[in-house]
Amino acid sequence: QVQLVESGGGLVQAGGSLRLSCAASGRTFSSCTMGWFRQAPGKEREFVAAIDWSGTNTHYADSVEGRFIISRDNAKKMVYLQMNSLISDDTAVYSCGGGYGWPKRQGYDYWGQGTQVTVSS
């Protein structure tokens, strides 16, 4: 079992940056694939980025490729999402998820409560 708590959301101007953090607890975190997802008002939750258990492999949604960077620190049980060149379409509630296997864009087993990101234009 893995528990996840996100932080770092807020209000930012278009073109700005934010770094989201996801703090994990639980014995199996270091073997989990970790992902970031987002859900905008009136839309379904969508995949943003994922990183494998070792931090060696990553993949991104086309909409954030080149702007967002996912990383992890297994010793600290943390996952990060560095978001650069933010646009209004990035406004959403961002959640981190944990699961097993690679690659992985769906079917995550563990979820945090989410953190709001609002990009003003």
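The following legends describe an overall view and several close-ups of a predicted model. Local features are given only where pLDDT is at least 70, and side-chain atom pairs count only at pLDDT 80 or more, whereas totals for chains, interfaces and linings use all residues. Residues are numbered from 1 along each chain as its sequence is written, and side-chain values use heavy atoms, with hydrogens and water left out.

**Figure 1. Overall fold of the protein.** The protein has 11 strands and zero helices (strands are DSSP runs of E with at least two residues, helices runs of H or I with at least four, numbered from the N terminus). Its C-alpha trace spans about 40 × 25 × 25 Å along the principal axes. Of the 121 residues, 47% count as buried (under 20% relative accessible area; exposed is over 50% and partly exposed lies in between, with a 1.4 Å probe and protein chains only). Of the contacts with a separation of 6 or more, 57% are between residues 24 or more positions apart (contact means heavy atoms within 4.5 Å).

**Figure 2. The open sheet of four strands.** The strand order is β1-β3-β8-β7, with antiparallel pairing (two strands pair if DSSP finds at least two bridges between them). Strands β1 (3–7) and β7 (68–73) form the edges, each pairing on one side only. From one strand to the next, the twist averages 15° (axes are lines fitted to C-alpha atoms, and angles run from 0 to 180 degrees between N-to-C directions).

**Figure 3. Pairing of β3 with β8.** Strand β3 (residues 18–25) runs antiparallel to strand β8 (residues 78–83), and six bridges join them. Leu18 stands opposite Met83 in β8.

Figure 4. Most residues other than glycine have a negative phi, and most peptide bonds are trans. In the loop between β7 and β8 lies Lys77, whose phi is positive, near 55°. Lys77 is partly exposed, at a relative accessible area of 30%. Ser85, in the loop between β8 and β9, also has a positive phi, near 50°. Ser85 is partly exposed, with 41% relative accessibility. The peptide bond from Trp102 to Pro103 is cis, with omega near -10°; Pro103 belongs to the loop between β9 (92–99) and β10 (110–111).
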